[in-house]
Each structure stands twice: as structure tokens, then as C-alpha cells.
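Hello,

Here is the model I promised you. Could you keep it open while you read my notes below?

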Amino acid sequence: MNILRENIHDNRFLRLIEGSLKAGYCEDWKYHPSLSGSPQGGIVSPILSNIYMDRLDKFVENTLIPEHTQSERREEHPIYGQLNNQLATARRQGNLERIKALWREMKRYPSQNPDDPGYRRLRYVRYADDFLLGFAGPLVEAHQIKERISTFLATELKLTLSAEKTLITHAQTGRARFLGYEIGIMECPTKLDRTRGTRTVNGKVGMYIPQDVIQAKRKRYLRDGEPIHRTELINDSKYDIIYRYQGEYRGLVNYYGMAQNLAELGYIRWTMETSLLKTLACKNQTSVMKETKCLQSTIETPEGPRKCLKLVIQREKKNPLVAIFGGLPLKRRKNPPIEDRVILPYARITSEIVERLLNDTCEVCGSKENVEMHHVRHLKDLNKKGKREMPLWMKIMISRKRKSIPLCRRCHDDIHHNRPESKRQGNRRAV
């Protein structure tokens, strides 16, 4: 609140924020007071968190980064410099064999000294309460930076660093975890730029998909190590099932689009595709091979044609409904565009009973007074009579394949007392 009062002088607004911080929360119909901090999941919590952590951002940017930034560039590697001088001499002498030998020898060493004692760089990035610092310098100074940040958070913001999550990792021998990525330094002395002949990979920061994330994403579609169908989706339509699988797969591809090992998502795609085909085969009481032959297709992408599963539903005087699974190129995107799109939720039919209850209308006579639910034990009990002898409420339940139906109190009593259908019930049609 003291931070907010520095720039905001509207006391009514400040009291509103303070009240929301002290309001507490209700879980399982039990009240829990707010002892400290902003409520997790609150609408205003993200912006309050950024306002609070802005103090840390300014401390790192205005204090730590200037102190740990030295020299404009690294000094030349000593062995590389010696070979470069010998190469210049060989070129003046016109010794081609010596030039080729020296050129091959120079490729074994970096042009700049990675252990330059006078070179320092510090980089900082934060997302919500997760932050990452990249430091080029000795390990002793890295521990000093960690201690200074810990002291600043404890004294200025009354926060403590998590000992388990706050780690110091060597970027060449290990990888740091940040926002679901693994971040480290790439090293490949054999990969050269074809035009300039330089090693363009060495020393670059690389982002990778963690192996445990890949296994965790696959585990959802596996049973005993094999892809399995998803029973909870069998009652959905074929279009909804494919649309849902594609949404889950597209989310992975878009989120990890900057990863160096993005192609490893192809293993997840195969697992999801097999699970999708088994789910559709279980729904339609057919085989995976038949579903594959029915849906397999190829679509054009900016990276060329890609195989996919495609379902097309034709509609009269309208564009057809198209559901596609796959067809996303697994090519790393260096600068992916950030699009603020509103993705429409997929349609679900499993909540139909809730919609019927919310309508609060008798499905036999159309009355909206004293609506109740009528239940039967088994649908097979409704098929004992002939179709012509069935009352209207029974035909509706069979057509909907539901063991419950909303009825007004009068129609409900008529069923339980085995009364003949009233005239208003006879005027209704089974849907």
C-alpha cells in the first residue's frame, strides 16, 4: 500500500485495493482470512505483483547491471591470435598447404578468450515472480549477486528466496529452468556458416524442451506405455474430439516454438494421433485402420505439404465444417509473432442436462410452473411397450437417450399415478 500511495492519491481507490487484500477467500464453503499478500487467482493480483516486483527490477537494472558490466568486448584468444599471425605470414609467402593447415587448426579455438578476467556481463528477465539472471563472469561474483538480491528482497520487499528453486548453474555444463524451458549455452565446433566460415553456434543461448515435460505430456495419452483411447470423450461428436486434440497439440507447438529441439514434439504428435484414432474407433465401433483411411489427408503450409487427419462436414448453403489434427510444421521460429487472439471454446454436448434444467420448462406440455425431474432406472425398461402405445414423455426420453426428463408437477403426477395423457400432452410431438 505504501508503494501505491507514492503515485496514487485517490483514497477511495486505495481503500478498495486494501479491502480486497484483507477480504480473505472462501473454499469448500469455509472462510479463510488473508494473512499476507494478494489473493492467488484474483483479477487484480497480476498487476499488483508487477507493481510490487518493480522495485526489484529497478534495483537490478540501476545497481547490479552497471556494477557487473565491464569491457566492451572480450580479449583475443592467445592461441588463436598466434595462429592468425602465422596465417598472415603464410599468405604473404603464398604457401597454400600451410594456409590450409593453419585454417584447420584455428577452427579448434574460439576467436575470443571465454575466460577473459576483465570482461563482465549481466542480463536480467522476469515474468511474475520468476526471474532469471545471466552472468558472464567468475563463480564468486555470481554468489555475491545472489546474496545481494536475497538481502534486497528481505529488507525492502519482505520476501525470501526459495532455496530449492534459486540455483546457480553453469550454462555450458548444465541448463537452467525458466517458464517451462531449459536454457543453456550451445557448443558445436563443427557447425560453420557457409558464407563466412565462422562458428555461429558457439556461445549462443539455446532454449530446449525438457525431457520430463515431453514424458509428462505423453503420459496423459498412455496406459502401460501404449497410447490408449480417452473414455471421457467418447460421447462427444467426431468433430469435437478432433478439435480438442488439435487444440492441445497446437498449444504445445506454439508455446515451445522457440526451442532448439522442437522436432521432438513429433513423438508427442504420434502418441496423440494414435490416441485420437483409438478414441474415434471406440466411439464408432470400428478399427483404427479404417479411421486412418477415412481421415488421412495432406494440407499445404508455409513450410510445404504436411500430413494430417482431416474431417470435413458438408452443410447446405454454408461453408463446410473442417476439423484438422496435425499439419503444424515443427520448424523453430526465432522471432514468433505474439497474437492476442480470442480462441473460441470447443462445443460440448455432455452438459445438455444442465441446459435443460436452466430452461425450466416441461418438455411434455411446455409449462414453466413447478418444474421437476422425472427419473427411470434403465432406458431398456421404456422399450417394453410398442412404439405406438408409448406416451409422449417416454418417446422423448428414448429419442434423447436420457434417463431423466423435466416435467411440470401435473405431468409428473400423471406418470406416477398412471393416468391417461391429457389433451395438452397429446398436442406435443416427440423431438
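Let me begin with S367, which touches D360, T361, C362 and C408, leaving aside residues up to four places away in sequence; contact here means heavy atoms within 4.5 Å. Please keep in mind that this is a predicted model, where local features need pLDDT of at least 70, side-chain atom pairs count only at pLDDT 80 or more, and totals for chains, interfaces and linings use all residues. Residues are numbered from 1 along each chain as its sequence is written, and side-chain values use heavy atoms, with hydrogens and water left out.

**S367 and the cysteines**

You will find S367 in the loop that runs between α11 (352-359) and β13 (371-375). Helices (H or I, at least four residues) and strands (E, at least two) are DSSP runs, numbered from the N terminus. Is S367 buried or exposed? With a relative accessible area of 16%, S367 is buried (buried is under 20%, exposed over 50%, partly exposed in between, with a 1.4 Å probe and protein chains only). A polar atom of the S367 side chain lies 3.3 Å from the backbone nitrogen of E369.

C362, one of the residues that S367 touches, is buried too, with a relative accessible area of 1%. How many disulfides does the structure hold? The number is zero, where a disulfide is a pair of cysteine sulfur atoms within 2.5 Å. For C362, the closest cysteine sulfur is in C365, and at 3.5 Å the two are too far apart for a bond. C294, by contrast, counts as exposed, at 54% relative accessibility.

**The β5-β6-β7 sheet**

Strands β5, β6 and β7 form an open sheet of three strands in that order, with antiparallel pairing; two strands pair if DSSP finds at least two bridges between them. β5 and β7 each have a single partner strand and stand at the edges, so one side of each is left without a neighbour in the sheet. From one strand to the next, the twist averages 35° (axes are lines fitted to C-alpha atoms, for helices over the stretch in contact, and angles run from 0 to 180 degrees between N-to-C directions).

β6 (residues 181-185) is joined to β7 by four bridges, in the antiparallel sense. Y208 of β7 is the bridge partner of E182, while M207 of β7 stands opposite I183. Which residues make up the covered face of β7 (residues 205-208)? They are G206 and Y208, whereas V205 and M207 form the uncovered face.

β10 and β11 (residues 304-315) run antiparallel and are joined by six bridges; in β11, G304 is the bridge partner of T301.

From α9, the contact is made by L277, K278, L280, A281 and N284, and from α10 by V288, E291, T292 and L295.

**Around α6**

L159 is in the loop between α6 (139-156) and β5 (176-178). At 30% relative accessibility, L159 counts as partly exposed. Its contacts are Y52, M53, L153 and A154, again without residues up to four places away in sequence. T151 has its place in helix α6 and is partly exposed, with a relative accessible area of 46%. The C-alpha atoms of T151 and L161 are 9.5 Å apart, and the two residues are 10 places apart along the chain.

Note on methods: Polar contact = N/O pair within 3.5 Å; in protein donor to acceptor, adjacent residues only side chain to side chain.
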